[in-house]
Amino acid sequence: MLLLPKVEVVGVSEDLKRIAYDALTTRPNFAYTLKEVQADLKRVFATGWFSSCVPDAEDTRDGVKLVIKVAANPELRGVVARGADALPTAVLQKAVRPLYGGPLNFVAFSRAVERLDGWYRERGILGQVIDFNFEGGIVDLTVGEAAVGSIELAFLDPATNSPKAQGATKPGVIRRHLTTQPGRVYSLRQAKADIDSVYSTGLFEDVNIVPQEAEDSTETQPKVDLTVNLVERKTGGLGAGTGISAAGRGSGNMPGFVGNFTYSQRNLLGLNQKLSALVELGQADSLFRLQWVDPWIRGDPNRTSMTLSMMNTRTSAAAIHGKALEPDASPADAAADARGAAGGVTLGRLVAGTEWRRPLAANWSGIAGLTWQRSCCMDSHGTPLLSDAYGAPLTFSGRPSDSMMLGVISGSYSANDGSSMGISLEQALPLHPAWLNFNRLRLRLEQPVTLGPLTLQLRGKAGSVYGDLPPYEAFPLGGTNSVRGYAEGGVGSGRHFVEGTAELRWLLAKPVHGTLFADYGSDLDSGESVIGDPAGTRGKPGRQVVKAGYGCGGGIRIDSPLGPVRLEYAWNDQRRGRFHVALGYD
């Protein structure tokens, strides 16, 4: 035991002496063992302020005086980071900025290093500070960031999970989705985004990336080789099914049903190109369509997709040219008119065209397209018609069919909170004297508002046509996806229109939601500008701004794998009620 009549710290400023004294547990006029004194010296050194801590003993008549000779760390004047390719300079400076202006404290410096390591962990980057050297007031950091060596693709057998010699998909199709590249710093977050991107092609049952240390990896220059494991799925085949036709509803309360037969191949020639053929037959309409899609043209950096399509459709024109039914007309009478029976009109379209689509900015996408179209109105037997049951013309040209070359430019915005916006501009190009010449503008806005457990969905639509306007190209108002409480086109049809909807939704029990809604629509008194004034002839209410059509009601929405199933009942401003059934969003 040593009696210490006095303990003194020397060699530094008064502020640093105070820090050293606070770390000491030894006190004057007490006896301590040599081991306890050594532990105290370690506590002084552990404060991080001192580069050396040396004890010295002086014999006095009262005992042994303990003198602790300490030397402060040099002042920090700068930090240099080697190997930190991914680490932003601003992040490094922010971490070490509090350490400037005095002797370097190694405890605080260790916390700064931990913050730098944390920056790598938060971003899923394989990197960390592996060593440092402090000399002449400059800290020299050595950072190890794992770079990507090679990237190999491995196609696995779905039954045995063993590697196959090759897969059906071309390697370039997969590699163009990988932002992780050889020579770049490996990031787990980036690798996950690459997995999601490859998986989004729809060609694979499973995708995963396995990193392993490269043969030439070192402590100061770590490197990983990556293996992308891929399990392909079946991408082609025949199918058949049934569904609900929007056009088939016509003036009836219940939807029209359709049957369809399809052939599809989602990986044509191993290039992720899609070829599909569809035949759809319903109570009131039919569709024949052949379509080819390249989702990413030649690895274009803007990820532009291209679609070529040809189709022949027949749909009911009852929304515009249907007979004015009596208020007490039966659903059977309305359905017969929708099918083109009893003097009803069927609209046939032969369409061929191409479309390009690409992202424009965050949450924005754009479309440009060009199509040729020939339209013909006919009866239920396919015989061309020149006029409807009221003697009004059915085509703009006065001939059995109208033709046009239509250019389309559109943009859409969709945010994570559910708000969206869409705008499209269509121009019929009069490349032939007999072809139509018009300009059509459409606008759509949607905004959800959260009200506690309720969601208020606000939606608005508007459109306008300038130039040649065949009656079948007028905007129909009313129906399941327009003003509910009215039949399809029951409010009116015009050259211009506005629609608005406010819908309140709340969860009843998963997956069922309750809804209350109010709809409004008007053709802005433009019905008379349509050839034959089909809305005015049938006495529809949407011709005037003041006396527009509106409806309100409620229902339920059931979320399903195919989309929401909507079962609704609405009353219109004429105090008549109507059921509406639909599959999908309005």
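Two strands are taken to pair if DSSP finds at least two bridges between them. In the predicted model described here, β7 and strand β8 (residues 138-145) meet this criterion in the antiparallel sense, over eight bridges, and within the pairing Gly127 stands opposite Glu145 of β8. Both strands belong to an open sheet of three strands, which has the order β6-β8-β7 and mixed pairing. Because β6 (78-82) and β7 (127-135) each have a single partner strand, they stand at the edges of the sheet, and one side of each is left without a neighbour. From one strand to the next the twist averages 20°. Helix α4 (residues 106-122) packs on this sheet, where it touches β7 and β8, and its direction makes about 150° with that of β7.

The patch, of about 390 Å², is made by Ile423, Leu425, Leu441, Leu443 and Leu445; the elements that give two or more residues to it are β20 (420-429) and β21 (438-451), and the largest share, three residues, comes from β21. Ile423, which is found in strand β20, has a relative accessibility of 42% and therefore counts as partly exposed. The salt bridge is formed by the side chains of Glu426 and Arg442, with an N to O distance of 3.5 Å, and it links distant parts of the chain, as Glu426 lies in strand β20 and Arg442, 16 residues apart from it, in strand β21. Glu426 counts as buried at 10% relative accessibility, whereas Arg442, with a relative accessible area of 36%, is partly exposed.

The count of salt bridges in the model comes to 26. One of them joins Glu499 with Lys461, whose closest N and O atoms are 3.4 Å apart; since Glu499 lies in strand β25 and Lys461 in strand β22 (residues 454-467), this pair ties together parts that are 38 residues apart in sequence. Here Glu499 is buried, at 12% relative accessibility, while Lys461 is partly exposed, at 28%. A further salt bridge, with an N to O distance of 3.8 Å, is found between the side chains of Arg557 and Asp559, of which Arg557 is buried at 13% relative accessibility and Asp559 partly exposed at 33%.

A cis peptide bond, with omega of about 5°, joins Lys510 and Pro511, and Pro511 has its place in the loop between β25 and β26 (512-522). Most residues other than glycine have a negative phi, and most peptide bonds are trans. Asp525 has a positive phi, near 60°, without being a glycine; this residue is located in the loop between β26 and α9 (534-537) and counts as partly exposed, at 45% relative accessibility. Asn161, likewise not a glycine, has a positive phi of about 65° and lies in the loop between β9 (147-155) and α5 (171-175), where its relative accessibility of 52% classes Asn161 as exposed.

Definitions and conventions
Residues numbered from 1 in each chain as written. Predicted model: local features only at pLDDT ≥ 70, side-chain atom pairs only at ≥ 80, totals over all residues. Heavy atoms only, no water. Patch = residues over 30% accessible without salt bridge, like charges linked within 9 Å, V, L, I, M, F, W, Y side chains within 5 Å. Areas by Shrake-Rupley, 256 points an atom, 1.4 Å probe, with all protein chains shown as cover. Salt bridge = Lys/Arg side-chain N within 4 Å of Asp/Glu carboxyl O. Helix = DSSP H or I, 4+ residues; strand = E, 2+ residues; numbered from the N terminus. Buried < 20%, exposed > 50% of the residue type's maximum accessible area, 1.4 Å probe, protein only. Axes fitted to C-alpha atoms, helices over the stretch in contact; angles between N-to-C directions. Contact = heavy atoms within 4.5 Å.
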